[in-house]
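Visitor: I would like to learn how to read a model like this one, feature by feature. Could you take me through it?

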Amino acid sequence: MNRLTKAAAAAPAMSLIALMTLAGPASAADGSTQAQLQALNESGASGSAMVTVSGNMLTVKLASQGLLADQPHAAHIHFTAEARHECPIAKDDANGDGNINTTEGDPAYGEVVVSLTKTGDTSADSVLAINRFDTAPGGTINYERGSIQVNDDVAQAVVDGEAVVVVHGVDYNDSGKYDGKTKSDLDPKLPTEATDPALCGTLNISQMGSTPTGGAETGSGSTTGVENEGIIALGGVTLLGGLALAMRRRFVSSNIS
Ligand SMILES: [Cu+2]
């Protein structure tokens, strides 16, 4: 009798431990990050991005404006452990031509780990899958895609604020298309305009991540707009740098709401 009682009491405890062990690795890479996208190569563009991580799945939202209209804009998440986890600066212009091409940005943002295509493959294999990237009608991108599968390292890098969002495609000569003599460092069949980075932002730890979004997921125009403004505003705070400042803002905004 006594033995049976002991066994019955022990069973739930055992399964709880088993569950916690199973859940451990997945929850280690859960979180939400966002980036204020800054113009590179004087593209005149701006924007914001938000990446939510759930285990090995990413959901990416990207909004931008001021890009060369109606031309494909390759967009990626970049990460390499050895990179600086930031956007390139003037001294990254290795060949001194005044522009940062994609390769020159590698020491800052690392290599392509996710291709933000609209359909199909999202791996680095699709780095220049021009037909599957957003073409920025009117210069604007409103991109959202879920269930983007990544490996453990990439999921962790995003959660840790070490991944960088880059949108490519710059119209240096204002011709309204990708042209010019200089060839792309990624593909000599393309002009460098087609692949040079136009927007860049490091994905920082999100202030909105754990906040229930409520109606924001219903897809209505008004709530989407409000959410984007929130991302932009919070991205600005992140840009100012202080995690402490960001945390303070989170405290204030959660009090308001
Ligand atoms: Cu890229």
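**Reading the model**

Guide: H78 and H168 are both buried, where buried means under 20% relative accessible area, exposed means over 50%, and partly exposed lies in between (1.4 Å probe, protein chains only). Please keep in mind that this is a predicted model, in which local features need pLDDT of at least 70 and side-chain atom pairs count only at pLDDT 80 or more, while totals for chains, interfaces and linings use all residues. Residues are numbered from 1 along each chain as its sequence is written, and side-chain values use heavy atoms, with hydrogens and water left out.

Visitor: Which protein atoms are the donors of the copper ion?

Guide: Donors are N, O and S atoms within 2.8 Å of the metal (3.2 Å for Na, K and Ca), and since water is not among the atoms, sites may look incomplete. Here the protein donors are ND1 of H76, NE2 of H78 and NE2 of H168, lying 2.0 Å from the copper ion. Their spacing in sequence reads H-x1-H-x89-H. Because H78 belongs to strand β4 and H168 to strand β7, the pair ties together parts that are 90 residues apart in sequence.

Visitor: How many helices and strands does the chain have?

Guide: Helices (H or I, at least four residues) and strands (E, at least two) are DSSP runs, numbered from the N terminus. In this chain they come to 6 helices and 9 strands. Of its 257 residues, 42% count as buried.

Visitor: Which strands pair with β8?

Guide: Two strands pair if DSSP finds at least two bridges between them. Strand β7 (residues 164–168) pairs with β8 in the antiparallel sense over 5 bridges, and V165 has G201 of β8 as its bridge partner. Strand β1 (residues 31–39) also runs antiparallel to β8, joined to it by 2 bridges, with Q38 partnered by C200. As for cover, 6 of the 6 residues of β8 (residues 197–202) are buried.

Visitor: Where does D121 lie, and which residues does D121 touch?

Guide: D121 is in the loop between β5 (112–115) and β6 (141–149). With a relative accessible area of 35%, D121 is partly exposed. Not counting residues up to four places away in sequence, D121 touches S126 and R132. The C-alpha atoms of D121 and Q149, which are 28 residues apart along the chain, are separated by 9.7 Å.

Visitor: Where does the pLDDT stay under 50?

Guide: The pLDDT is the predictor's confidence in each residue, from 0 to 100. The chain averages 80, and 69% of the residues score at least 70. Over residues 16–27 the pLDDT stays under 50, and the model has 1 contact beyond four places in sequence for them. Residues 209–257 also have a pLDDT below 50, and this stretch has 39 contacts in the model beyond near neighbours in sequence.

How values were computed. Contact = heavy atoms within 4.5 Å.
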